[in-house]
Amino acid sequence: MVPALQLHMSKTAMRASQKDFESALSQVKRLKDPGNEVKLKLYALYKQATEGPCNTPKPGVFDLINKAKWDAWNALGSLPKETARQNYVDLVSGLSSSSDSSSQVKPEADRKQPGYETLVVTSEDSITKIMMNRPAKKNAITIQMYNEIMLALKAASKDDSAITVLTGNGDYYSSGNDLSNFTDIPPEGIEEKAKSSAILLRDFVDCFIDFPKPLIAVVNGPAVGISVTILGLFDTVYASSRATFHTPFSHLGQSPEGCSSYTFPKIMGPAKAAEMLIFGKKLTAAEACAQGLVTEVFPDSTFQKEVWTRLKAYSKLPPNAMRISKQVIRNREKEKLRAINAEESRALQERWLSDECTNAVMNFLTRKAKL
Ligand SMILES: CCCC/C=C/CC(=O)SCCNC(=O)CCNC(=O)[C@H](O)C(C)(C)COP(=O)(O)OP(=O)(O)OC[C@H]1O[C@@H](n2cnc3c(N)ncnc32)[C@H](O)[C@@H]1OP(=O)(O)O
């Protein structure tokens, strides 16, 4: 770029940002109380934007309020003042954009793409959003939903959106595989059912392995089973503070899928991965974040606003650069992930024929067992 033009552009951007910042400062006074976590975030961003990195002495342990403020500011490290100012503006605009503080998603019938029964798929602001839409069944994934998610991902890979999001409607992200999928046995018998389910699973997970654009999970509530394991194939995972992450495979007589037998040990180390995948330990959102499965946790009360403000900003980045960056990060693993997916699907095909699995599923369906 011509240096003079570059200088002009950056000065304009900084001036605009300073103006936005001042208007955000007055706007924030008119907001209804956004809760302590958001107030701390606002405080930290304000201090960083106006004074730069925190270099004041840490308050004593009994000075709880000032210590919390200092911790929040200090956590921003060396974030540049301009970025802090922009983040402050984005956060305030997200908080003001709607007076509704609930995490429920508004109806989107007007923008909904046709052809899906178990999903709501929308494209707006360069973002394709695929929302699992069986809230009364905690977004349990039926055969139809697996097929519709694959269709939606294939369409999103070719549309003109820059990023793609998977999320859930209602109080759950997803309760994983719909356990009644196992009851619909074809005339060819149970072996055939296990075989076709393994093919479906392999094809489903391959779609995530091969997805070419940035893929973001907006985990609005508890996540179970396959909805958790495939998170290792996403580029970013944002979670509500209400979300939990649970893979009760042994309880169900099953074994890990979604390439989690490879991605989880890589993400969180073999010991933590084993506790989740073998013993079914349920993680809170904060724990999942500490272990690297989740990118960032947001307070449930502001989850939707904060996340969508962030995503709208990301979706304005140059789409080709984002796609190439993803390729550079992920491509060398693709063949390996496909092989792992095939191996996990084969193992499950056998598991689904076992007494352990049959009994666990029957117990759930006859309401003798719940997680
Ligand atoms: C072909 C590819 C296969 C890939 C394999 C993947 C493996 C997995 O994903 S393993 C994980 C399987 N999921 C589960 O084991 C979860 C089972 N569900 C529960 O334990 C509970 O429902 C819950 C803890 C998720 C929620 O409990 P809560 O008390 O809040 O609500 P409920 O009254 O139980 O649920 C409401 C409604 O939804 C139905 N439902 C919920 N989850 C599932 C599910 N996974 N499969 C089928 N149905 C589910 C539940 O039966 C209720 O329905 P009714 O209102 O009609 O009774």
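## Basis

The model is predicted: local features need pLDDT of at least 70, side-chain atom pairs count only at pLDDT 80 or more, and totals for chains, interfaces and linings use all residues. Residues are numbered from 1 along each chain as its sequence is written, and side-chain values use heavy atoms, with hydrogens and water left out.

## The ligand site

The ligand is surrounded by 25 residues, each with a heavy atom within 4 Å of it. The closest are Lys137, Ser175, Leu179, Arg367 and Lys370.

Polar contacts are pairs of N or O atoms within 3.5 Å. An N or O atom in the side chain of Lys137 is 2.5 Å from a ligand oxygen. For the side chain of Ser175, an N or O atom is 2.8 Å from a ligand nitrogen. Ile226 uses its backbone: a polar atom there is 3.0 Å from a ligand oxygen. On its own the ligand has 1100 Å² of accessible area (Shrake-Rupley method, 1.4 Å probe), and the protein covers 81% of that.

## Pro135

Pro135 sits in the loop between strand S2 (127-132) and helix H5 (143-158). Helices (H or I, at least four residues) and strands (E, at least two) are DSSP runs, numbered from the N terminus. Leaving aside residues up to four places away in sequence, Pro135 touches Asn169 and Gly170, with contact meaning heavy atoms within 4.5 Å.

Pro135 is partly exposed, at 33% relative accessible area. Buried means under 20%, exposed over 50%, and partly exposed in between (1.4 Å probe, protein chains only).

## Ile190

Ile190 lies in helix H6 (residues 190-210). Ile190 counts as partly exposed because its relative accessible area is 41%.

Definitions and conventions. A polar contact is a pair of N or O atoms within 3.5 Å; within protein, one must be able to donate a hydrogen and the other to accept it, and residues adjacent in sequence count only if both atoms are side-chain atoms.
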